[in-house]
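Dear colleague,

Please find below the structure for your files. My findings follow after it.

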Amino acid sequence: MTKVEQDSRLDRAGDRLQKVVLGTLRPRRLRDLLHGVTLGHPLHPAMVQVPVGAWISAAVLDLMPGQRRPATVLVGLGTVSALPAAVAGLNDWAALARDQRRVGLVHAAANTVGMAIYAGSLAARLSGRHGMGRALGFLGLSTVSLGAYIGGHLAYKQGAQVNQSVSELHRMTDGWHSLADMATLPQRTLITREVDDDISVILYRHGDEVTVMLERCPHQSGPLGEGEVQEIDGHACVVCPWHGSAFRLNGGEVVQGPSGNDQQILPTRIQNGVLQTRLP
């Protein structure tokens with residue numbers, strides 16, 4: 001897998017596919033929907049549960065006598081539901097870093113082959129060749145399982161579409177931390193401060209209310225402190241300067257992808273005119 005991450009020969013095909021994906025999924029609302037912005041959670045992993053569950057269930061039924069019809073239905077359900085899951089996955093993939101896209105390309109290729117095998121399995125079953133359908137079903141399950149393994153490497157080793165900023169919370173010590181004198185905080189301006197000397201947070205004052213938010217963007221660790229404040233759907237939001245993910249400053253909810261995760265807001269209090277924050 002490390003060799004795949006470093007194999008620049010994959011970039012030619014990957015760059016072309018990325019252009020196709022971005023050109024096809026052009027409307028931002030569509031991309032945000034596929035990223036899972038409306039859920040505050042990546043959509044692709046949730047969608048994958050349907051085809052994987054259907055195909056595994058079909059494999060179990062294929063091992064039992066007299067279950068041809070329900071097994072065929074499940075193979076069909078898995079094959080059909082894999083298509084929108086693949087679209088959501090490609091949408092996420094197009095916003096990844098280059099080394100992640102290399103692994104993601106192999107992940108997508110394995111799953112595409114698996115889907116094609118399952119389509120052949122479905123065709124064989126519908127034509128009465130159930131022995132061939134079962135054989136192709138087990139081959140398809142093996143192929144998509146390989147794809148799932150590669151996807152696990154992409155998510156858990158390379159951190160694709162996982163919250164890149166939440167690890168900052170694990171390094172923050174307990175108790176209240178002083179950040180700034182309230183009298184020195186300007187209105188409606190992003191200010192960057194540090195907790196425990198190395199955990200960066202952003203401050204945003206609106207009237208007497210101050211938001212304290214982790215500064216690393218959940219998507220690819222972009223510097224939100226260098227982003228712009230924009231009004232989106234009537235809410236003040238910080239927009240990441242790297243990839244354009246946007247988060248509400250009054251709650252941390254993601255309102256614009258490619259991030260599919262909300263951003264962490266920290267509790268605050270004012271003691272003797274000093275703004276303080278702590279772990280949630």
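In this predicted model, the chain contains 8 helices and 11 strands. Its C-alpha atoms occupy a box of roughly 80 × 40 × 35 Å along the principal axes. Of the 280 residues, 47% count as buried. Among contacts with a separation of 6 or more, 58% are made by residues 24 or more positions apart.

The largest pocket holds about 1,100 Å³ of space. Its lining consists of 42 residues, and those nearest the centre are His44, Val48, His107, Asn111 and Gly151. Four helices each supply at least two residues of this lining: α4 (44–62), α5 (68–93), α6 (98–126) and α7 (130–157).

Helix α6 also holds arginine 101. This residue counts as buried because its relative accessibility is 10%, which is under the 20% cut-off. Neighbours within four places in sequence aside, arginine 101 is in contact with Asp15, Gln18, Trp93 and Leu96.

Most residues other than glycine have a negative phi, and most peptide bonds are trans.

The peptide bond between glycine 257 and proline 258 is cis, with omega at about 20°. Proline 258 belongs to the loop between β8 (254–256) and β9 (265–266).

Glutamine 161 has a positive phi, near 60°, although the residue is not glycine. It is located in the loop between α7 and α8 (167–171). With a relative accessibility of 12%, glutamine 161 counts as buried.

Asparagine 272, likewise a residue other than glycine, has a positive phi near 55°. Its position is in the loop between β10 (268–271) and β11 (274–277). Is asparagine 272 buried or exposed? Its relative accessible area is 81%, so asparagine 272 is exposed, the cut-off for that class being over 50%. Glutamine 161, by contrast, counts as buried, while both residues lie in loops.

With kind regards

Methods:
Residues are numbered from 1 along each chain as its sequence is written. This is a predicted model: local features need pLDDT of at least 70, side-chain atom pairs count only at pLDDT 80 or more; totals for chains, interfaces and linings use all residues. Side-chain values use heavy atoms; hydrogens and water are left out. Buried means under 20% relative accessible area, exposed over 50%, partly exposed in between (1.4 Å probe, protein chains only). Contact means heavy atoms within 4.5 Å. On a 1 Å grid over the protein atoms alone, a cavity is a set of points where a 1.4 Å probe fits but cannot get out, and a pocket is an open set with protein on both sides within 12 Å along at least five of seven lines; lining residues have an atom within 4 Å of a point. Grid points are joined across faces, edges and corners, and a volume is the space filled by probe spheres set on the points.
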